[in-house]
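Q: I am new to this structure and would like a close look at a single part of it. Please begin with one residue and its contacts, then connect that view to other places and to the chain as a whole.

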Amino acid sequence: LHLELGDKMVPFAGYSMPVQYPMGLMAEHAHTRTAAGLFDVSHMGQLLLRGAGAAAAFESLMPVDVVDLAVGKQRYGLLTTEEGTIIDDLMFVNQGQGNIFVIVNGACKAGDIAHMQEHIGKRCEIVTLPTHGLLALQGPLAVNALQRLLPGVEKLVFMTGAAFTWQGVSLFVTRSGYTGEDGFEISVPGGSAEVFARALLAQPEVKPVGLGARNSLRLEAGLCLYGQDID
């Protein structure tokens, strides 16, 4: 799909990633600020922590409140070493019923998962989701486009998440992102990622955006990048 859209692919974290489309980095940046940009961030690590002790176990690895996070709420956290130095930054959501959904950085995910397995693997079940795609729809008009496909998604507020169904496919959506704009991150089974991305791109507000503008947008918003601004 990226090649069909005319994207320039570059190596990143062991993946071939879209860096920019024919519209160009500055135009992609501006479009995200004024309408809605679609980012493929499927290289990110997705996992579930399951079990009655999952929240307490996860909290033992971070200087962040996990135990008291309400169902449906999302929070930003820092995964730390025993000495308190930063291994990675991440986002997590309390899905309820003992499930915590976690998204970690693509370049760090193998180490993050190994760290969790070593320190809390006996206290909760750690389920990786390596075949799931992750799409980020960002911008002031993102909600207009997404609610046509997922009615009710407009009821989510910033840093909350919920499950949705689209054409029989189970999705998990959070209202958050990495651009400083309103927006959503959508976890989708890999086999449905392309068709769902095409459905989003068919919306009049949406254009594809690559890694280049993702970086300039996050810099403009003052959002940290692990390995560059924090380590």
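A: Q147 is in contact (heavy atoms within 4.5 Å) with V153 and E154, once its neighbours within four places in sequence are left aside. This is a predicted model, in which local features need pLDDT of at least 70 and side-chain atom pairs count only at pLDDT 80 or more, while totals for chains, interfaces and linings use all residues. Residues are numbered from 1 along each chain as its sequence is written, and side-chain values use heavy atoms, with hydrogens and water left out.

Q147 belongs to helix α4, residues 142–149. Helices (H or I, at least four residues) and strands (E, at least two) are DSSP runs, numbered from the N terminus. Because its relative accessibility is 30%, Q147 counts as partly exposed; buried means under 20% relative accessible area, exposed over 50%, and partly exposed in between, using a 1.4 Å probe and protein chains only.

Follow the chain onward and you come to M159, in the loop between α4 and β10 (161–166). M159 is not a glycine, yet its phi is positive, near 65°. Its relative accessibility is 17%, so M159 counts as buried. A13 also has a positive phi without being a glycine, here about 55°. A13 sits in the loop between β1 and β2, and its relative accessible area of 36% is why it is called partly exposed.

Now to a strand. N94 is found in β6, which covers residues 86–96, and with 16% relative accessibility it counts as buried. Its side chain reaches the backbone oxygen of L69 at 2.8 Å and the backbone nitrogen of G96, again at 2.8 Å. Apart from neighbours within four places in sequence, N94 is in contact with L69, A70, V71, G72, K73 and N99.

Not counting residues up to four places away in sequence, H43 touches F12, Y15, M17, G106, K109 and R214.

Just after α6 comes G222, with a positive phi of about 75°.

Along the principal axes, the C-alpha atoms fill a box of roughly 45 × 35 × 30 Å. Of the contacts between residues at least 6 apart in sequence, 63% join residues at least 24 apart.

Technical notes: A polar contact is a pair of N or O atoms within 3.5 Å; within protein, one must be able to donate a hydrogen and the other to accept it, and residues adjacent in sequence count only if both atoms are side-chain atoms.
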